[in-house]
Amino acid sequence: MKRNLINPMKNNVFSEVSNDILQKKFIAVARPSLPTAEYILPYLQQIDQNHWYSNQGPLHNIFQDRLGALWGVETGRIVLVTSATTGLSLALQAHNITHGKYCLVPSWTFVATASAIVNAGLKPHFLDVCPKTWSLDPSYVEYLAERRDIGAILVVAPFGAPLDLAEWDNVAERTGCPVIIDAAAAFDTLRSDGPMRPQKSTVVVSLHATKVFGVGEGGVVIARDLIAAERIRALTRFGFSGGRIAHYSGINAKISEYTAAVGLASLDCWAITRAKWNRVTELYKKYLPPTVTLPPNFGSSWVSSTLTVLCSVNSSTLQSCLSKHQVETVLWWGYGCHNQPAYTAYTREALPVTRDYAQRSVGLPFWLGIEEESIQYICNVVFNCLG
């Protein structure tokens, strides 16, 4: 017999709502939403007046300042880049790590994390994650970092969940290996009154359209100090530092004034946008059955733009069930980076937790504007499928 998670006294009413949703529309897993033209227009008009379109112009600088204020860090530590992947690569390059050395990294992450390591001239060495934190174990990483062939440590904040950054700073200090934090989904987690304020280690955030705060394509590096920030900034402009002489082998990773315009409009709307993300978060926490596991500290004073849950059955079983009920799902991190064809040849430790989570994780529909009835319907299908 199928059971209904929602108030049993309203079974008949909910059944009608569910059928209506099923008949009328398909529920997408994601639907990115950026500021509309009316919010962006004033900044576009400023670009017209300034005749400055790229190369760290006025809007770029204002955007940089406002992000620093949001996160409670010195403006000079903020470096705007074309993507978080690029930001991770440049952050690694800025440490002058010998090419060919290994970078310790979780396999349980998005493939861009591994891509950034390879693009920086290093080799990923994949590690497992802790069952409770979904992230690396600092003590185990510290033990492995004693090897002479380890050049860096790249830690991932899983789906935006907070990490103990002070602890990772201590690991960096004791091992002498630079620690880079892949905080791609942690825009809100990092805010000045949030649960993961930036510390000493370099942090990289994504501003992709699918994130809680997006500009379309873009990223931010919060460098460990002003000197590191200037080096990363130089790497984004062909290696130029203080003139048209390339001191480093850099690339073109600068954002345009148009990207900054979208970013500034997004900041103007951020309080409203965050409240909407929080609403979706709270609704899922209200209706999801206790048989699924949420990301660590999910929705505890921070918001994200995705919801990956762990279930008691194989992910394909739940995906198939939801698909039959017109609900789209996704495996945001696939089956671990070590299973991606581009990275199967790289070394790794035993990965039992990664394999387990990869087989049981499912990304559910999670976007601004999704209706409460749709969330109720999704959670009801999940409940009936898991039994």
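This is a predicted model: local features need pLDDT of at least 70, side-chain atom pairs count only at pLDDT 80 or more; totals for chains, interfaces and linings use all residues.

Trainee: How much space lies in the largest pocket?

Mentor: About 500 Å³. Its lining is made up of 25 residues, and those nearest the centre are Phe110, Ala184, Ser206, Lys211 and Trp333.

Trainee: Which elements give two or more residues to that lining?

Mentor: Those are α4 (84–93) and α5 (111–119). The most comes from α4, which gives three residues.

Trainee: And how does the lining divide into nonpolar, polar and charged?

Mentor: Eleven are nonpolar, eleven are polar and three are charged.

Trainee: You listed Ser206 there. Where does Ser206 sit, in terms of strands?

Mentor: Ser206 belongs to strand β6, residues 202–206.

Trainee: Is Ser206 buried or exposed?

Mentor: Ser206 has a relative accessible area of 7%, so it is buried; the cut-off for buried is under 20%.

Trainee: What does Ser206 touch?

Mentor: Leaving out residues up to four places away in sequence, Ser206 touches Ala84, Ala183, Ala184, Lys211, Phe213, Gly218 and Gly219. Take Ala183: it is 23 residues from Ser206 along the chain, with 7.5 Å between their C-alpha atoms. The Ser206 side chain also reaches the backbone nitrogen of His208, at 3.1 Å.

Trainee: Which residues line the largest cavity?

Mentor: Among them are Arg31, Pro32, Trp277, Trp332, Phe366 and Trp367. The lining divides into seven nonpolar residues, four polar and one charged.

Trainee: Now the helix. What span should α9 have, and what does the model give?

Mentor: Helix α9 has twelve residues, 257–268, so at 1.5 Å a residue it should span 16 Å. The C-alpha atoms at its ends are 16 Å apart, which agrees.

Trainee: How many residues of α9 are buried?

Mentor: Ten of the twelve, so α9 is mostly covered, buried being under 20% relative accessible area. The buried ones include Glu257, Val262, Leu264 and Leu267.

Trainee: And what covers the buried residues of α9?

Mentor: The cover includes α2 (37–50), α3 (58–71) and α10 (270–287).

Trainee: What caps the N-terminal end of α9?

Mentor: Ser256 does, with a side-chain oxygen 3.2 Å from the backbone nitrogen of Tyr258.

Trainee: Next up is His125. Which strand is His125 in?

Mentor: His125 is in β3, residues 123–127. With a relative accessibility of 4%, His125 counts as buried.

Trainee: What does the side chain of His125 make a polar contact with?

Mentor: With the side chain of Glu349, at 2.7 Å. Residues that His125 touches include Tyr102, Leu104, Arg147 and Thr347, with residues up to four places away in sequence not counted.

Trainee: Last one, Phe383. Which helix is Phe383 in?

Mentor: Phe383 is in α13, residues 372–386. Its relative accessible area is 13%, so Phe383 is buried. Thr291 is 92 residues from Phe383 along the chain, yet their C-alpha atoms are separated by 7.8 Å.

Trainee: Great, thanks for the tour!

Definitions and conventions
Residues are numbered from 1 along each chain as its sequence is written. Side-chain values use heavy atoms; hydrogens and water are left out. Helices (H or I, at least four residues) and strands (E, at least two) are DSSP runs, numbered from the N terminus. The expected span of a helix is 1.5 Å times one less than its number of residues. Buried means under 20% relative accessible area, exposed over 50%, partly exposed in between (1.4 Å probe, protein chains only). Contact means heavy atoms within 4.5 Å. A polar contact is a pair of N or O atoms within 3.5 Å; within protein, one must be able to donate a hydrogen and the other to accept it, and residues adjacent in sequence count only if both atoms are side-chain atoms. On a 1 Å grid over the protein atoms alone, a cavity is a set of points where a 1.4 Å probe fits but cannot get out, and a pocket is an open set with protein on both sides within 12 Å along at least five of seven lines; lining residues have an atom within 4 Å of a point. Grid points are joined across faces, edges and corners, and a volume is the space filled by probe spheres set on the points. Ala, Val, Leu, Ile, Met, Phe, Trp, Tyr, Cys and Pro count as nonpolar, Asp, Glu, Lys and Arg as charged, and the others, Gly among them, as polar.
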